[in-house]
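Biologist: Hi, I'm new to this one. Can you walk me through it?

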Amino acid sequence: METRIIGVETEYGVHTVHPTKRPLAPDEVARYMFKPVVSWGNSSNVFIPNGSRLYLDVGSHPEYATAETTRLDELLALDAAGDSIMHMLVTQARQAMAKDGFDGDVYLYRNNADSLGNSYGSHENYMIERTTQYRRLTQALLPFLVTRQLIAGNGVVIKDPAALPLADQFPGRSEPHFAFSQRADYMHEAISSSSTRARPMINTRDEPHSDSTKYRRLHVIVGDSNMSETTQLLRFGTTDLLLRIIESGKPLQNLQLAHPVRAIRQTSHDLTGQTPLELADGRTMTALELQEFYLTQAQEFLARQGPHHEHLEQIMDLWSRTLDAIASQNYSAIDTEIDWAIKHKFMTAYANKNNLDWDAARLVQLDMSYHDIHPQRGLFNLLEARGAAARVLTDAQVQAAHDNPPATTRALLRHRFIETARAMGMDYSMDWMHMKLNYHPLHTLYVRDPFETDISIVDELFAKVASAGH
């Protein structure tokens with residue numbers, strides 16, 4: 001696709017601490033968090049003025065799905081705005097809890113696993129054309145996604161390898177260590193229509209949220225919930241670029257993995273990237289070799305086709321530097337830009353200073369703190385404030401994304417609809433394709449084209465309703 005719509009859904013982990021009393025369960029805290037949301041939108045599942053969706057997911061996980069966008073910088077800004085909105089809800093929840101006698105603290109984590117073995121995700125959505133051969137695309141994409149953790153993993157302290165899911169089926173390193181990915185050990189299948197029970201890397205459920213004769217949605221649920229903007233830029237940018245290569249019809253080598261689930265675990269637990277991964281045809285390639293292959297393909301593609309957005313030079317440079325850093329085992333060139341390298345640098349320095357091994361409880365606590373979204377308490381946010389983590393965005397871009405939608409998608413119409421309905425005191429509801437004024441008879445705006453941006457169709461609907469005396 002010349003212009004691709006991209007979005008990301010982020011699930012957050014909730015944790016409470018009380019010095020003397022039983023802390024509230026996560027579902028109880030989530031209800032406190034979403035009281036203002038229900039008051040504002042009459043539901044715990046609402047669309048907000050920037051065109052994004054805010055809701056409680058299965059298991060009472062607070063979740064935020066960005067509005068549709070065609071720009072990577074807008075995607076990052078919308079996603080960052082989600083953290084800020086969630087922090088605001090946590091702050092309000094703590095105040096309400098205190099009034100009810102619960103004066104403990106609430107932590108909201110942008111990570112992928114809790115101490116009980118539960119996993120929650122960061123789901124990427126890429127629009128592809130319906131005419132794309134879906135099976136060919138997903139098979140070609142899978143080896144890239146399995147090894148993408150080298151360039152986009154969050155990093156994780158593995159205190160007890162034996163406690164990992166399916167550890168007996170996928171034996172790896174037995175001693176405590178640092179790994180590339182939080183999410184990798186929780187993948188159960190390569191490709192599946194389920195997103196919770198089977199937890200695949202690519203979810204095939206066909207929900208295009210658009211004209212199904214033209215488009216479908218590629219739903220990637222294998223990624224870590226990144227904290228670093230530069231890591232996110234690399235994660236989304238390289239995946240979009242590889243999709244373009246596949247869609248162009250360029251034949252790629254047959255690099256199908258014999259055991260993708262085993263391979264993703266093997267890759268995560270080897271920071272050298274050198275563990276041989278078995279291919280379906282009997283050959284072996286390392287994770288580093290696979291990523292170097294895709295990097296070369298991307299370089300050759302761009303040399304022929306040219307860049308399709310302004311971030312590609314930065315993406316290609318960071319991709320190359322990250323693979324070089326892994327090959328040389330010298331991470332200094334990327335330790336302000338790639339999540340796992342940022343975390344590894346801090347953890348290693350802290351462990352050395354305090355004579356700690358990777359099974360130290362303090363390191364596990366710091367690992368969690370890295371993902372705390374609190375702007376003055378979260379470890380990553382503190383590192384970023386000190387210049388130890390690079391940025392792509394400005395504070396002004398993130399602030400603007402709180403209330404303003406992307407201008408190149410129907411999120412603009414959603415924004416106009418919400419603002420107008422609220423200003424006129426009208427009851428409404430919506431999903432990704434429908435905007436409804438809840439009067440009798442219902443007045444519904446149906447937007448099948450996600451690239452639709454003509455605000456006049458919203459204004460005409462409200463004019464029609466107003467003229468009818470509603």
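Modeller: Let's start with glutamate 9, which is found in strand E1; strands (E, at least two residues) and helices (H or I, at least four) are DSSP runs, numbered from the N terminus. Keep in mind that this is a predicted model, where local features need pLDDT of at least 70, side-chain atom pairs count only at pLDDT 80 or more, and totals for chains, interfaces and linings use all residues. Residues are numbered from 1 along each chain as its sequence is written, and side-chain values use heavy atoms, with hydrogens and water left out.

Biologist: Is glutamate 9 buried or exposed?

Modeller: Glutamate 9 counts as buried, at 12% relative accessibility. Buried means under 20% relative accessible area, exposed means over 50%, and partly exposed is in between (1.4 Å probe, protein chains only).

Biologist: And what is glutamate 9 in contact with?

Modeller: Leaving aside neighbours within four places in sequence, its contacts include Tyr55, Glu63, His123, Arg217 and His219. Contact here means heavy atoms within 4.5 Å.

Biologist: What does UniProt list for "binding site" along with Glu9?

Modeller: An unreviewed UniProt entry lists Glu9, Tyr55 and Glu63 under that feature. Those three are spread over 55 residues of sequence but cluster in space, with a largest C-alpha distance of 10.6 Å. Glu9, Tyr55 and Glu63 also belong to the lining of the second largest pocket. A word on the record: UniProt positions are in the numbering used here, feature names are shortened, and annotations may be inferred rather than shown by experiment.

Biologist: Where is tyrosine 55 found?

Modeller: Tyrosine 55 is found in strand E4, and it counts as buried at 4% relative accessibility. Its side chain makes a polar contact of 2.7 Å with the side chain of glutamate 63. A polar contact is a pair of N or O atoms within 3.5 Å; within protein, one must be able to donate a hydrogen and the other to accept it, and residues adjacent in sequence count only if both atoms are side-chain atoms.

Biologist: Which other residues does UniProt place under "binding site"?

Modeller: The unreviewed entry also places that feature at Arg53, Thr66 and Trp432. They span 380 residues in sequence, yet no two of their C-alpha atoms are more than 11.2 Å apart, so they gather at one spot. The lining of the second largest pocket takes in Arg53, Thr66 and Trp432 too.

Biologist: Where does arginine 53 lie?

Modeller: Arginine 53 lies in strand E4 (residues 53–57). It is buried, with a relative accessible area of 19%. A polar contact of 2.9 Å joins the side chains of arginine 53 and asparagine 45. Beyond its neighbours within four places in sequence, arginine 53 is in contact with residues including Phe47, Glu63 and Trp432.

Biologist: And tryptophan 432, buried or exposed?

Modeller: Buried, with a relative accessible area of 13%. Tryptophan 432 is in the loop between strand E15 (428–430) and strand E16 (434–437).

Biologist: What counts as a pocket?

Modeller: On a 1 Å grid over the protein atoms alone, where a 1.4 Å probe fits, a pocket is an open set of points with protein on both sides within 12 Å along at least five of seven lines; lining residues have an atom within 4 Å of a point. Grid points are joined across faces, edges and corners, and a volume is the space filled by probe spheres set on the points.

Biologist: How much space lies in the largest pocket?

Modeller: About 1200 Å³. It is lined by 43 residues, with Ala113, Asp114, Ser115, Leu116 and Met368 nearest its centre. H10 gives the most to this lining, with six residues.

Biologist: Switching topic, what is the phi of asparagine 42?

Modeller: Asparagine 42 has a positive phi of about 60°, although it is not a glycine. Asparagine 42 is exposed, at 61% relative accessible area.
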